[in-house]
Amino acid sequence: MSSRAVSKQDRRRRPDRSGPGSAPASATASTIAPRRSWTDRWPVVLLACAVVVTFLPVCGHEFSGWDDPENVTANPHLYGQTLAGLWAFWRHPYADLYIPLTYTVWWGLAKVARVDTPDIAEVTLNPYVFHAANLLLHVGSAWVAYRLLHLLTGRRWPACAGAMLFALHPLQVEPVAWVTGLKDVLSGLLSLVALWQYVLFARPEPAELANDPEGAAYDAASKRDRRWHYLAATLAFAAALLAKPAAVTVPLMAAGIDLWLLRRSWRRMILSLVPWVALAAGCTALSMRVQPASNVFAGSLPMRPLIASHTLAFYLCKFLLPVGLAAIYPQSVTDLLSGRSIWFTWLVPVALAGLAWAFRRRAPWVAVAVLIFVAAVLPVLGLVPFAYEARSTVADRYMYLGLLGPALAAASLLSAVSKKRVVAVTCGAILATLAVLTFHQTRYWRDTQAIFRRVLAVYPTSDVAYCNLANDARQHGQWDDALALAQQAVRYGPSESQNFIVLGGVFREKGRDADSAAAFRKAWELAPGNIKAVTDYVMALGYTGQIDQAEAIGRSALQRWPNEMEPHRCMAMVLLARKQIPQALAEAETAVRLDPSDEWSHVMLGRCLEVSGRRAEAAQQYAIALSIVPSDTDAGDGLKRNGGTPPPAAR
């Protein structure tokens with residue numbers, strides 16, 4: 001007997017779960033343990049092939065300047081490749097995020113991706129390894145989404161179509177094609193596993209299927225099996241939180257599936273999800289402590305629901321019409337409050353809520369789909385301040401897990417329609433169009449230039465884009481281009497410290513020390529709590545001979561950040577200029593100990609040793625600096641002066 005026939009009989013026996021579009025609930029009950037055959041595997045094979053072919057170009061992309069240096073390419077704990085470096089990610093937050101599982105994956109990938117010859121940006125990691133890992137994780141997410149949708153609909157090909165919608169939508173390009181996006185893909189995959197295992201735990205008991213025509217073929221899961229599924233679901237959810245805290249809303253998704261699709265009671269649902277809520281609460285408290293957003297302008301409290309409504313409307317628009325996608329959008333809180341659209345975009349989420357309410361009995365999957373779509377972005381809607389809101393209230397990566405909602409809606413709708421040939425052709429055309437758009441979108445993520453040229457095409461006044469393009473031009477030695485781009489960044493972002501830091505660095509490379517000091521001073525005034533702004537200003541004062549002021553600010557930085565490398569390196573330079581050699585040597589040694597991967601610390605230690613007359617040790621430090629950055633001319637000159645031999649990579 002076909003699963004469709006079974007579903008019809010099941011609906012006749014249980015009218016409270018019947019009605020058009022109620023395939024998920026009834027099909028779940030009748031097809032919990034589908035028979036395995038080659039025909040069962042064809043949807044999985046097609047899904048995997050479609051995802052790999054569509055996203056394959058990303059495996060040839062480079063690292064980008066968009067957070068990849070901070071998280072991966074310039075992360076000292078990854079370059080050390082020591083267990084102590086790995087343990088550091090679990091002991092305390094890094095870069096204002098506590099995502100130790102994600103950093104652990106990057107740490108393992110860095111061991112595999114190590115290369116002997118650095119690229120033009122002095123990176124000794126193969127980017128293709130990281131991009132391939134993102135793609136493999138995304139394939140895994142697509143497979144788990146298929147398994148989950150198959151459980152909830154009982155139909156293979158509708159589930160496959162829903163999983164393809166989830167995996168092939170252009171909104172997924174950012175997290176998959178961006179190395180730093182691994183945190184979104186990994187957390188999304190683990191969240192999907194948690195939901196899948198939770199459904200296996202909470203699905204109808206065998207007693208509920210006693211009258212099912214296929215009941216004899218049903219291999220009932222024992223209570224012990226259900227406990228194992230629940231344990232797997234809970235562990236996967238905990239791991240998802242450790243990959244990215246945005247997974248805190250997964251219990252809300254599980255509750256919606258439990259109540260409206262699996263039809264369990266409120267009491268059983270609450271008892272099942274209490275541990276998950278406790279985990280989510282703890283993760284939320286930790287995230288608020290390590291990544292405070294107190295200085296972020298989030299609008300007044302009465303305006304935040306309107307901001308959240310506008311954000312939801314934006315995501316729905318990009319889902320329905322996925323064009324004009326970019327890494328950054330002109331959607332900051334200031335932009336929204338100064339425009340007019342925020343006063344009527346609230347109608348979109350209200351319409352979504354009305355749709356879910358209208359179909360709550362006839363098609364409960366509509367409500368669940370809307371719930372998943374909204375819950376995935378709930379932490380970043382703007383109801384509460386979050387760090388990235390200073391730049392924009394929206395980002396494609398935030399929708400990674402949220403696309404499970406439309407995928408469920410598509411799979412459920414396809415399970416209920418009768419004109420299969422027409423629907424199949426239409427569905428195939430839509431998915432093919434999405435795949436082509438996604439394939440095209442991947443080219444905008446091939447490197448830093450492509451990413452931020454695309455941003456400027458969408459957002460011409462983005463100071464972040466100009467700043468990153470200036471940094472990229474610096475790495476390629478294009479100093480005039482770098483200066484022009486940095487000046488544009490300062491023009492469009494005059495209150496951003498980072499823009500002046502980049503401008504000061506370009507001036508320093510061009511030998512304009514006075515202009516460099518002025519730019520670094522402005523960066524310091526804008527962000528006196530930014531260690532990079534402070535230490536760069538100290539270095540600039542040293543270069544211009546303002547040693548007294550440099551020492552005063554440097555000592556203040558040492559008191560504020562005693563366990564960071566940069567203040568010790570700055571003080572070594574200042575003390576060396578004052579001819580206080582023993583003290584300078586001690587500060588340089590501390591800087592090297594705190595960050596052995598920083599070539600400037602080794603150069604500074606080499607200078608101190610050279611002045612002390614310890615030429616052999618000085619040559620050794622210069623050689624280490626060259627092994628980190630083979631193009632470092634200061635290290636190369638110092639090595640020649642002290643009779644050392646350049647490392648192979650620097651010859």
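The legends below accompany close-up views of a predicted model.

The model is predicted, and local features need pLDDT of at least 70, side-chain atom pairs count only at pLDDT 80 or more, and totals for chains, interfaces and linings use all residues. Residues are numbered from 1 along each chain as its sequence is written, and side-chain values use heavy atoms, with hydrogens and water left out.

**Figure 1. A nonpolar patch on the surface, formed by Trp42, Val45, Leu46 and Trp157.**
Together these four residues have about 420 Å² of accessible area, computed by the Shrake-Rupley method with a 1.4 Å probe, where for residues only the protein chains shown count as cover. A patch is made of residues with over 30% relative accessible area and no salt bridge, with like charges joined within 9 Å and nonpolar side chains (Val, Leu, Ile, Met, Phe, Trp, Tyr) joined within 5 Å. Helix α3 (residues 38-55) contributes the largest share of the patch, three residues; helices (H or I, at least four residues) and strands (E, at least two) are DSSP runs, numbered from the N terminus. Val45 belongs to helix α3 and is partly exposed, with a relative accessible area of 38%. Here buried means under 20% relative accessible area, exposed over 50%, and partly exposed in between (1.4 Å probe, protein chains only). Trp157 is located in helix α9 and is also partly exposed, at a relative accessible area of 43%. The C-alpha atoms of Trp157 and Pro43 are separated by 6.4 Å, although these residues are 114 residues apart along the chain.

**Figure 2. The second largest pocket, with about 730 Å³ of space.**
Its lining comprises 28 residues, of which Leu165, Phe319, Pro406, Ala409 and Ala410 are the closest to the centre. On a 1 Å grid over the protein atoms alone, a pocket is an open set of points with protein on both sides within 12 Å along at least five of seven lines, whereas a cavity is a set of points where a 1.4 Å probe fits but cannot get out; lining residues have an atom within 4 Å of a point. Grid points are joined across faces, edges and corners, and a volume is the space filled by probe spheres set on the points. At least two lining residues are supplied by each of α9 (156-168), α15 (304-320), α17 (347-358), α18 (364-377), α19 (404-416) and α20 (420-441). Of the elements, α20 gives the most to this lining, with eight residues. The lining has 24 nonpolar, four polar and no charged residues, where Ala, Val, Leu, Ile, Met, Phe, Trp, Tyr, Cys and Pro count as nonpolar, Asp, Glu, Lys and Arg as charged, and the others, Gly among them, as polar.

**Figure 3. The two cavities of 30 Å³ or more found in a search of the whole structure.**
The largest cavity holds about 190 Å³ of space. Among its 18 lining residues, Ala246, Ala247, Ala376, Tyr398 and Leu401 are the closest to its centre. The elements α11 (182-202) and α13 (250-261) give two or more residues to this lining, and α11 has the largest share, four residues. By class, the largest cavity is lined by ten nonpolar, five polar and three charged residues. The second largest cavity has a volume of about 30 Å³. Its lining consists of Glu62, Phe63, Ser64, Asp68, His131, Ala177, Trp178, Val179, Trp445 and Ile451, which divide into six nonpolar, two polar and two charged residues.

**Figure 4. The salt bridge between Asp258 and Arg264.**
The closest N and O atoms of this pair are 2.8 Å apart, and both residues are buried. A salt bridge is a side-chain nitrogen of Lys or Arg within 4 Å of a carboxyl oxygen of Asp or Glu. The whole structure has 16 salt bridges.

**Figure 5. A network of salt bridges linking Asp548, Glu551, Arg555 and Arg578.**
Within it, the side chains of Arg555 and Glu551 meet at 3.1 Å, N to O. Both residues lie in helix α27 (residues 547-560), four residues apart, about one turn of the helix. Arg555 is partly exposed, with a relative accessible area of 39%, whereas Glu551 is buried at 15%.

**Figure 6. The salt bridge between Glu617 and Arg614.**
The side chains of this pair meet at 2.9 Å, N to O. Glu617 counts as partly exposed at 36% relative accessibility, and Arg614 counts as partly exposed at 33%.
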